[in-house]
Amino acid sequence: MKTTLDGFYPTHPGEVLKDELEERGISQRKFAESIGMGYSVLNEILNGKRPVTTTSALMFEAALDIPADSLLKLQMKYNMHTARKDNALVEKLKQIRRVAAIL
């Protein structure tokens, strides 16, 4: 995880899930099989390469008793923080604000 200038680093919910599985001593392959999820899909979520969806959050909640809404809020905060660091989007938003100011 890399700290940003504002002192906050975005936490992908996959990091939390990965830590939980490690703490419980559950292998990723065994867990993926037990919840009916492909191993590669689970691995991508745990490594922050794929987002937690509503469906996957509910599956994790059922299996690990981690509230789905907490995982989804963490995903939303991660998405927002990541989007705010996208220079192309930042420029687009500046353009929109300039246009909106004269409307």
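**Figure 1. Charge and surface of the predicted protein chain.** The protein chain carries 15 positive and 13 negative side chains, and the centres of the two sets are 10 Å apart. Lys and Arg are counted as positive and Asp and Glu as negative, whereas His and the chain ends are not counted; each charge is placed at NZ of Lys, CZ of Arg, CG of Asp or CD of Glu. This is a predicted model, in which local features need pLDDT of at least 70 and side-chain atom pairs count only at pLDDT 80 or more, while totals for chains, interfaces and linings use all residues. Residues are numbered from 1 along each chain as its sequence is written, and side-chain values use heavy atoms, with hydrogens and water left out. The accessible surface of the protein chain is about 7,200 Å², and carbon and sulfur atoms account for 55% of this surface. Accessible areas are from the Shrake-Rupley method with a 1.4 Å probe; for residues, only the protein chains shown count as cover.

**Figure 2. Helical architecture of the protein chain.** The protein chain contains 6 helices and 0 strands, in the sequence order α-α-α-α-α-α. The radius of gyration is 17 Å, well over the 13 Å that the globule rule gives for 103 residues, so the protein chain is more spread out than a compact globule. Helices (H or I, at least four residues) and strands (E, at least two) are DSSP runs numbered from the N terminus. The radius of gyration is taken over C-alpha atoms, and the globule rule is 2.2 Å times the number of residues to the power 0.38. The C-alpha trace spans about 55 × 25 × 20 Å along its principal axes. Of contacts (heavy atoms within 4.5 Å) between residues at least 6 apart in sequence, 53% join residues at least 24 apart.

**Figure 3. The largest nonpolar core.** This core comprises 16 residues, and those with the most contacts inside it are Leu 17, Phe 31, Leu 42, Val 52, Phe 60 and Leu 71. Two or more residues each are given to this core by α1 (13-24), α2 (28-35), α3 (39-46), α4 (54-64) and α5 (68-84). A nonpolar core is a set of buried Ala, Val, Leu, Ile, Met, Phe, Trp, Tyr and Cys residues joined through side-chain atoms within 4.5 Å. Buried denotes under 20% relative accessible area, exposed over 50%, and partly exposed in between (1.4 Å probe, protein chains only). Buried residues make up 23% of the 103 residues in the protein chain. Leaving aside neighbours within four places in sequence, Leu 71 is in contact with Pro 13, Leu 17, Val 52, Ala 57, Phe 60 and Ile 66.

**Figure 4. Leu 42 and Gln 28.** Leu 42 belongs to helix α3 and is buried, its relative accessible area being 0%. Beyond its neighbours within four places in sequence, Leu 42 is in contact with Gln 28, Phe 31, Ala 32, Met 37 and Phe 60. Leu 42 and Phe 31 are separated by 11 residues in sequence and by 8.7 Å in space, C-alpha to C-alpha. Gln 28 lies in helix α2 and is also buried, with a relative accessible area of 18%. With neighbours within four places in sequence left aside, the contacts of Gln 28 are Lys 18, Tyr 39, Leu 42, Asn 43 and Leu 46.

**Figure 5. Ile 45 and Ser 56.** Ile 45, in helix α3, is buried at 2% relative accessibility. Not counting residues up to four places away in sequence, Ile 45 touches His 12, Gly 14, Leu 17, Met 37, Arg 50, Pro 51, Val 52, Ser 56 and Phe 60. Ser 56 lies in helix α4 and is buried, with a relative accessible area of 5%. Under the rule that residues up to four places away in sequence are not counted, Ser 56 touches Met 37 and Ile 45.

Figure 6. Phe 8 is placed in the segment before α1 and counts as partly exposed at 40% relative accessibility. Phe 8 and His 81 are 73 residues apart in sequence and 9.2 Å apart in space, C-alpha to C-alpha. Asn 47 occupies the loop between α3 and α4 and is partly exposed, with a relative accessible area of 34%. Between Asn 47 and Gly 14 there are 33 residues in sequence numbering and 6.1 Å in space, C-alpha to C-alpha. Asp 65 is located in the loop between α4 and α5 and counts as exposed at 68% relative accessibility. Although not a glycine, Asp 65 has a positive phi of about 60 degrees. Most residues other than glycine have a negative phi.
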